[in-house]
Amino acid sequence: MQSAASGPRPRIALLTAQTAIGLREIPQSAFLLLYLQDNGMTPSGIAQVVSWAQVAGMAVAVLGGVLTTRLGSKWVYVIGLVLSFASSFVFSLTDVWFITAAWVIGGAGAALYNVGSSGYLTRIGQAGGFGTLTALYILSATVGGAVGHPIASWIITDVSYAGYGMSMLVLSVITIVIAVVGMPNLVDDTTTVRIPSRSMRELLRTSRVWAILVMRGLATVNYGAMLLLVPLLLDTLTNDPGLVAAYGSTSLVLASLAQFGAGRAADRWGAQWPTAVSFAVMVGGSLFLALAHTTVVGLFVGGVISIAAAWALATLMFIWVADGVPQRDHATLFGLLIAVWSISMIIGSLTAGRLVEIAPASPFVVVGVINAVALLVGWRYYVGLKNSAAISPPQTP
């Protein structure tokens, strides 16, 4: 079954499915904020709705790591896609409890398909080109999101929010078909592993694992804050959904370039410097927004820069794992990373929602400072790997 993992079919199918997910999930997450604000919810109330989905994702992600070792990456991916259906029903609902329930189920599904696709990615990765494949993996979702923003704006403006939600349900069905038919089941995910993976408790005794979790967590706190604040502040200043859509598409186009550049740089020179540069840009973007958040140009530029750095780091995360953690532990670690992502998104969105109501510049200062810490952790992580001569290719068991 190794030939199935090394052929082009699983790569093409995974990248196509990820593009469809980006087309649906990224604009849907952005326009949920506007939909709820148009229905009279405050930023802190919106943050609570988003955070409940992150709580569900956090709980399910840990289960996803266990399921992957039993069912294989493909079927965990498919199960997650099915559950994520629910989030598209939100735009046909008005009751906050039903909206929250649908978004929570969708969040649980997103956690599962992220764990499944992450495991699938590291199974089909190849040494020497893993950074590029990882960049294409995240780039595919980013491209989908960039295309999806103007489409979403057009449907919402000319039809309705409910019409947009129904169109996303149709896209969900297409995505599931692509995954079921196009992605071969990598049987050796579950049947030919000779060395058992370590438990979560054992992984959490490892300093390398903690470094990866800290880097992922602090970067995500920043991302969660940006994802909530910048669209809402732009909408408050302009009341123009078209501008918010343009911001989303622009940020994702630049993020695409950043992802591909980070992946290629990591393949050529290793991930240490791309990681440091990405965190430095994230810190600079956050502090810039603290100074320029009262202007449309400042929000647009600062938000675009910060999102690009965040997506570059999302690409590099897979390389952090491949460089420092044996492949037998990847599924378990990805479950932990999704849980950390969920916790960090909750912290980022809730904290930002509260702080912006008190002092608008304060959330940007806070996330900028904490990501300076992440920069130092990332640098020490790679110095430690080099000192112990422990960097290994993704396929090493």
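Tutor: Welcome! This is a predicted model. Let's start with a pair of helices: H12 passes H14 in a left-handed crossing.

Student: Which residues of H12 and H14 make the contact?

Tutor: On the H12 side they are Ile 319, Trp 320, Asp 323 and Gly 324, and on the H14 side Tyr 381, Tyr 382 and Leu 385. Sorted by class, this contact has five nonpolar residues, one polar and one charged.

Student: How should I read the angle between two helices? At what angle do the axes of H12 and H14 cross?

Tutor: The general idea is that an angle under 35 degrees counts as roughly parallel. Here H12 covers residues 296-324 and H14 covers residues 362-388; their axes come within 11 Å and cross at roughly 25°. H12 and H14 are therefore roughly parallel to each other.

Student: Let me try another pair. What are the angle and the approach of the axes for H2 and H4?

Tutor: Helix H2 (residues 8-38) and helix H4 (residues 73-84) have axes that come within 13 Å and cross at roughly 20°. That angle makes H2 roughly parallel to H4. Their crossing is left-handed.

Student: And which residues of H2 and H4 are in contact?

Tutor: H2 brings Leu 14, Ala 17, Gln 18, Ile 21, Arg 24 and Glu 25, while H4 brings Tyr 77, Leu 81 and Ser 84. By class, that gives five nonpolar, two polar and two charged residues.

Student: Now the rings, please. How is a pair of aromatic rings described?

Tutor: By two values: the distance of the centres and the angle of the planes. A search of the whole structure finds twelve aromatic pairs. In one of them, Tyr 77 and Tyr 113 have ring centres 6.5 Å apart and planes at 90°, so this pair is edge-to-face.

Student: Which helices hold Tyr 77 and Tyr 113?

Tutor: Tyr 77 lies in H4 and Tyr 113 in H5 (residues 96-124), so the pair ties together parts that are 36 residues apart in sequence. Tyr 77 and Tyr 113 are both buried.

Student: What kind of pair do Phe 318 and Phe 334 form?

Tutor: A tilted one: 5.6 Å centre to centre, with 45° between the planes. Phe 318 belongs to H12 and Phe 334 to H13 (residues 330-358), so this pair ties together parts 16 residues apart in sequence.

Student: Are Phe 318 and Phe 334 buried or exposed?

Tutor: Phe 318 is buried, and Phe 334 is buried as well.

Student: Which residues do ring pairs link into a cluster?

Tutor: Look for Tyr 35, Phe 91, Tyr 161 and Tyr 164, which ring pairs link into a cluster.

Conventions: Residues are numbered from 1 along each chain as its sequence is written. This is a predicted model: local features need pLDDT of at least 70, side-chain atom pairs count only at pLDDT 80 or more; totals for chains, interfaces and linings use all residues. Side-chain values use heavy atoms; hydrogens and water are left out. Axes are lines fitted to C-alpha atoms, for helices over the stretch in contact, and angles run from 0 to 180 degrees between N-to-C directions. Helices (H or I, at least four residues) and strands (E, at least two) are DSSP runs, numbered from the N terminus. Angles under 35 degrees count as roughly parallel, over 145 as roughly antiparallel, 65 to 115 as roughly perpendicular and the rest as oblique. A crossing is left-handed if the near helix is turned anticlockwise from the far one by less than a right angle, and right-handed if clockwise. Contact means heavy atoms within 4.5 Å. Ala, Val, Leu, Ile, Met, Phe, Trp, Tyr, Cys and Pro count as nonpolar, Asp, Glu, Lys and Arg as charged, and the others, Gly among them, as polar. Rings of Phe, Tyr and Trp (its six-membered ring) pair if their centres lie within 6.5 Å; planes under 30 degrees apart count as stacked, over 60 as edge-to-face and the rest as tilted. Buried means under 20% relative accessible area, exposed over 50%, partly exposed in between (1.4 Å probe, protein chains only).
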